Amino acid sequence: MIDWEEIAGAVETDELREAKLWLFQENIRLENVRKELDESKEKLDESQKNFLDERVRFRREMEELNRRTVQEQKRLREENLFFEKKLAILQDGFRQLDEDRKSLEKQKQVLAQQRRRSIQYGEDEDILEETVKRLFSGISNPLALRKRHRDLVKIFHPDNLFGDAELVQMINKEYLRRKEEA
């Protein structure tokens, strides 16, 4: 601390010079400290401004991310609902196919029983002959006869899924008979 009374009471020029030098040095030191403080204040103000800008940018990014998250969650919910609907349709389709398969199996068994009964009573050949005659009905020329025969053999060939060897033999017999007639 400066003792101003001592300086005011100083009579010698050396003392005054010393005080003047000290005051000058103190003034320069204070000026340097003020510059450093001003620079620090500017840096602090700039850091504060950068921090506020970064904070605003961060908030915007968070809002954008939240918006995207909400949209993605909505899309996922819609996809889940769509998937569940598709799954329900597929399950219903499989259930229906299973019911159809069982129904066809029952019909197949019923037809097999009817065929066994008709074989026992000799009706099977009469029914087959009548069926084959109907398959060839309305054919008048040899080309149409040949085409019909080829088509019927393709359909009822024993290698096909529901082919029948006995029916193909009857078709061949009827074809040969009609071929000779023509």
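Visitor: Which residues does Arg178 touch, not counting residues up to four places away in sequence?
Guide: This is a predicted model, in which local features need pLDDT of at least 70, side-chain atom pairs count only at pLDDT 80 or more, and totals for chains, interfaces and linings use all residues. Residues are numbered from 1 along each chain as its sequence is written, and side-chain values use heavy atoms, with hydrogens and water left out. A contact means heavy atoms within 4.5 Å. Leaving out residues up to four places away in sequence, Arg178 touches Lys133, Phe136, Ser137, Ile139 and Leu145.

Visitor: Is Arg178 buried or exposed?
Guide: Arg178 is found in helix α5; helices (H or I, at least four residues) and strands (E, at least two) are DSSP runs, numbered from the N terminus. Buried means under 20% relative accessible area, exposed over 50%, and partly exposed in between (1.4 Å probe, protein chains only). The relative accessibility of Arg178 is 19%, so this residue counts as buried.

Visitor: Which residues are linked with Arg178 in a network of salt bridges?
Guide: A salt bridge is a side-chain nitrogen of Lys or Arg within 4 Å of a carboxyl oxygen of Asp or Glu. Besides Arg178, the members of the network are Glu174, Arg177 and Glu181.

Visitor: How far apart are the N and O of the salt bridge between Arg177 and Glu174?
Guide: Arg177 and Glu174 sit three residues apart in helix α5 (residues 165-181), so about one helical turn separates them. Glu174 is buried at 7% relative accessible area, while Arg177 is partly exposed at 35%. Their side chains meet with an N to O distance of 2.4 Å.

Visitor: Where is Lys173, and what is its C-alpha to C-alpha distance from Glu129?
Guide: Lys173 also has its place in helix α5. With a relative accessible area of 58%, Lys173 is exposed. In sequence, Lys173 and Glu129 are 44 residues apart, and in space their C-alpha atoms are separated by 9.9 Å.

Visitor: What does His149 touch, not counting residues up to four places away in sequence?
Guide: Let us move to helix α4, where His149 has its place. His149 has 15% relative accessibility, so it counts as buried. With residues up to four places away in sequence set aside, His149 touches Phe136, Ile171, Asn172 and Tyr175.

Visitor: How far apart are the closest N and O atoms of Arg101 and Asp98?
Guide: Arg101 and Asp98 are three residues apart in helix α2, which means that about one helical turn separates them. Both ends are partly exposed: Arg101 has 47% relative accessibility and Asp98 has 29%. The closest N and O atoms in this salt bridge are 2.7 Å apart.

Visitor: Which residues make the nonpolar surface patch of about 290 Å²?
Guide: Patches are made of residues with over 30% relative accessible area and no salt bridge, joining like charges within 9 Å and nonpolar side chains (Val, Leu, Ile, Met, Phe, Trp, Tyr) within 5 Å. One member lies in helix α2 and counts as partly exposed, since its relative accessibility is 47%. The patch is made by Leu21, Phe24 and Ile28.

Visitor: Which residues form the negative surface patch?
Guide: Asp and Glu count as negative and Lys and Arg as positive, while His and the chain ends are not counted. The place of a charge is taken as NZ of Lys, CZ of Arg, CG of Asp or CD of Glu. One member, Asp38, lies in helix α2 (residues 13-121) and is partly exposed at 41% relative accessible area. The patch is formed by Glu36, Asp38, Glu39, Glu42 and Glu46.

Visitor: How many salt bridges does a search of the whole structure find?
Guide: Stepping back, the protein has five helices and zero strands, and 11% of its 182 residues count as buried. It exposes about 16,400 Å², of which carbon and sulfur atoms supply 55%, with areas from the Shrake-Rupley method using a 1.4 Å probe and, for residues, only the protein chains shown as cover. Across the whole structure, the number of salt bridges found is 17.
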